[in-house]
Amino acid sequence: MALHVLDEANKCLGCKKPLCRQGCPINTNIPEVIRLLKAGEMDAAGKMLFENNPLTTVCCIVCNHEKQCEGHCIRNRMPSHDPVHFSVIEDYISTTYANKMTMGPAPKNGMKAAIVGSGPAGLTIAVLLARWGYDITIFEARDKIGGIMRYGIPNFRLPDSILDDFQYRHLELKGIKVRPHTSIGRTLTIDDLFRDGYDSVFIGSGLRKPSAMHIKGESLGNVAFAIDYLSDSKAFNLGDSVAVVGVGNSAMDCARTAVRNGARHVVCYSRSSKQFVQASQYEYSYAKLEGVIMRFNLQPVEIRENGMICRDTVTDENGNVTEIPGSEKFYRHSGVIVAIGQSAESTLISTTHGIDTNKKGLLTVDVDGSTTRPGVFAGGDAVQGARTVVEAVAMAKQVAEYMDIYMKGLPGKYKVDPYAAIPVFEDPVPDAIGEQRI
Ligand SMILES: Cc1cc2nc3c(=O)[nH]c(=O)nc-3n(C[C@H](O)[C@H](O)[C@H](O)COP(=O)(O)OP(=O)(O)OC[C@H]3O[C@@H](n4cnc5c(N)ncnc54)[C@H](O)[C@@H]3O)c2cc1C
Ligand code: SF4
Ligand code: SF4
């Protein structure tokens with residue numbers, strides 16, 4: 001591993017205008033990190049990575065490297081077409097350095113912020129604001145932190161241990177409180193958070209609602225939506241011949257998970273042609289390597305207990321799809337996974353006054369990430385629509401700075417505690433051991 005890392009580092013030309021950096025949505029200083037590594041300054045390289053990107057240990061694994069840092073490396077233009085594989089270098093440095101990160105909380109500045117959702121956007125805001133002295137509480141609807149990183153991206157691609165380690169080092173050690181199983185917008189609302197003294201609220205609630213095809217058969221017992229299937233795939237019984245509708249990254253995750261769950265025949269269906277596959281080249285080729293079959297130009301029109309009826313389509317060069325009436329065929333399958341995307345869930349917004357959304361249900365924010373309600377900020381997929389982990393982190397980084405400015409600009413709060421002078425009821429402490437001795 002280490003030899004490979006240094007081989008990759010030695011390939012770097014240390015460009016003055018590094019294209020790799022332009023390709024990274026969070027602007028990682030790639031040549032400088034590589035220079036520090038080669039100079040034997042591993043800790044400085046690790047510190048640089050974490051200061052720029054609190055989720056560096058995740059991004060180096062799940063980023064779409066071929067389109068981002070590595071795809072932009074100048075070495076792609078050489079005849080050898082041999083980019084520096086920075087993700088391998090980042091993985092090595094960040095995981096090595098992570099083990100040394102044991103610092104406790106920063107001194108508190110007396111202000112507190114609430115974070116709704118613990119996906120990459122919420123976690124980034126939490127870490128940065130805590131670093132600057134804010135008292136942070138994360139409210140998470142599920143049992144554990146991570147959002148799609150834990151409940152969408154399968155464990156074989158991103159092991160849970162990375163998120164568990166993040167929780168320990170970046171949340172527990174830093175005094176960030178996590179309130180699991182707490183969905184804001186139900187019993188507790190954003191108004192309640194302001195009532196309880198939070199100076200500002202960040203919404204990083206992502207996209208939780210699976211998109212449906214709205215065709216006959218979608219409610220049958222042998223059908224699952226991608227995000228539900230991925231969050232607990234073993235809970236579903238889809239048999240050993242599984243159809244996956246979609247050819248994006250989540251479709252590839254579903255197909256590869258179905259293979260690992262023992263399905264012997266897994267087919268992905270796309271309504272457009274092969275050139276419009278949305279999945280990354282890596283994910284697509286891994287799925288094929290694992291035996292997943294790809295079928296193109298087929299539009300599902302009905303799902304049945306034993307398979308799916310699809311209509312043929314043609315795709316023009318711009319990606320427009322036209323269905324061919326009368327071309328329907330039946331494709332035999334024991335189960336179907338619908339993997340065509342997610343949209344925003346509305347409970348949180350419908351219980352809060354003054355927060356606007358657009359037609360797609362995404363939160364409307366200003367350039368500083370502020371929503372239409374003062375003190376409430378938002379970021380990540382809930383604002384940008386379905387994107388990537390590193391883009392959620394990059395946006396959250398900017399919003400954190402504006403939240404800091406907003407909270408520091410709040411008028412000094414002179415809070416009178418109406419219960420400041422009330423007597424304290426002292427519980428008699430029973431001496432259980434002493435009583436046993438008697
Ligand atoms: C199957 C799948 C695979 C993907 N693979 C990749 C990949 O390989 N690489 C990549 O870069 N990106 C990938 N993505 C995209 C990436 O995961 C998302 O862009 C990113 O996670 C968005 O981050 P977020 O913080 O905005 O939201 P999320 O990660 O969705 O997190 C939102 C969190 O908020 C919580 N929440 C929601 N509502 C409430 C509420 N009312 N109260 C409290 N908590 C709430 C949710 O439970 C969740 O934990 C994938 C997406 C999917 C669906
Ligand atoms: S954050 Fe992602 S895109 Fe940026 S350098 Fe790291 S792996 Fe590449
Ligand atoms: S573009 Fe490639 S060679 Fe140039 S600094 Fe970036 S990684 Fe190194």
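Which domains does the shell around ligand 1 draw at least three residues from? They are domain 2 (112–208 + 344–408) and domain 3 (210–342).

## Ground rules

This is a predicted model, in which local features need pLDDT of at least 70 and side-chain atom pairs count only at pLDDT 80 or more, while totals for chains, interfaces and linings use all residues. Residues are numbered from 1 along each chain as its sequence is written, and chains are lettered from A and ligands numbered from 1 in the order in which they are written.

## The overall layout

Of the protein's 438 residues, 41% count as buried. Here "buried" means 20 or more other C-beta atoms within 10 Å of the residue's own, "exposed" means 12 or fewer, and "partly exposed" is in between, with C-beta atoms placed from the backbone. Along the principal axes, the C-alpha atoms fill a box of roughly 80 × 60 × 55 Å.

The secondary structure comes to 18 helices and 16 strands; these are DSSP runs numbered from the N terminus, with helices being H or I of at least four residues and strands E of at least two. Take the contacts between residues at least 6 apart in sequence: 68% of them join residues at least 24 apart. A contact is a pair of residues whose C-beta atoms, placed from the backbone, lie within 7 Å.

The largest nonpolar core has 81 residues, and Ile115, Ile125, Ala126, Leu129 and Phe202 have the most contacts inside it. (A core is a set of buried Ala, Val, Leu, Ile, Met, Phe, Trp, Tyr and Cys residues joined through C-beta atoms within 7 Å.) Helix H17 gives the most to this core, with 10 residues. Domain 1 and domain 2 both give residues to this core, so it lies between them. Apart from it lies another core of 34 residues, including Leu230, Leu238, Val247 and Cys268.

## Around the ligands

Ligand 1 has 39 residues around it, and Gly117, Gly119, Gly147, Gly206 and Gly380 come nearest. A residue is near a molecule if its C-beta atom, placed from the backbone, lies within 6 Å of it. The shell around ligand 1 has 18 nonpolar, 15 polar and six charged residues.

Ligand 2 is surrounded by 15 residues, the closest being Cys24, Cys59, Cys63, Gln68 and Cys69. H5 and H7 each give two or more residues to the shell around ligand 2, and H7 gives the most, with three. Around ligand 3 there are 14 residues, of which Cys12, Cys15, Cys20, Cys73 and Val84 come nearest. The shell around ligand 3 divides into 12 nonpolar, one polar and one charged, and helix H2 (19–23) and H3 each supply at least two of its residues.

## One side of H4

Which residues of helix H4 (residues 42–52) are buried? They are Ala45, Gly46 and Leu49. They cover an arc of only 95° around the axis, which puts them on the same side of H4; the arc is that of the directions from the helix axis to the C-beta atoms. These buried residues pack against helix H3 (30–38), H5 and helix H7 (86–98).

## Two positive phi angles

Most residues other than glycine have a negative phi. His81 is not a glycine, yet has a positive phi of about 50°. His81 is found in the loop between helix H6 (69–72) and H7, and is exposed, with 8 other C-beta atoms within 10 Å.

Asn297, also not a glycine, has a positive phi of about 55°. Its place is in the loop between strand S9 (293–295) and strand S10 (298–304). Buried or exposed? Asn297 is buried, with 21 other C-beta atoms within 10 Å.

Definitions and conventions
Nonpolar A, V, L, I, M, F, W, Y, C, P; charged D, E, K, R; others polar. Domains from an automatic or database assignment. Contact = placed C-beta atoms within 7 Å.
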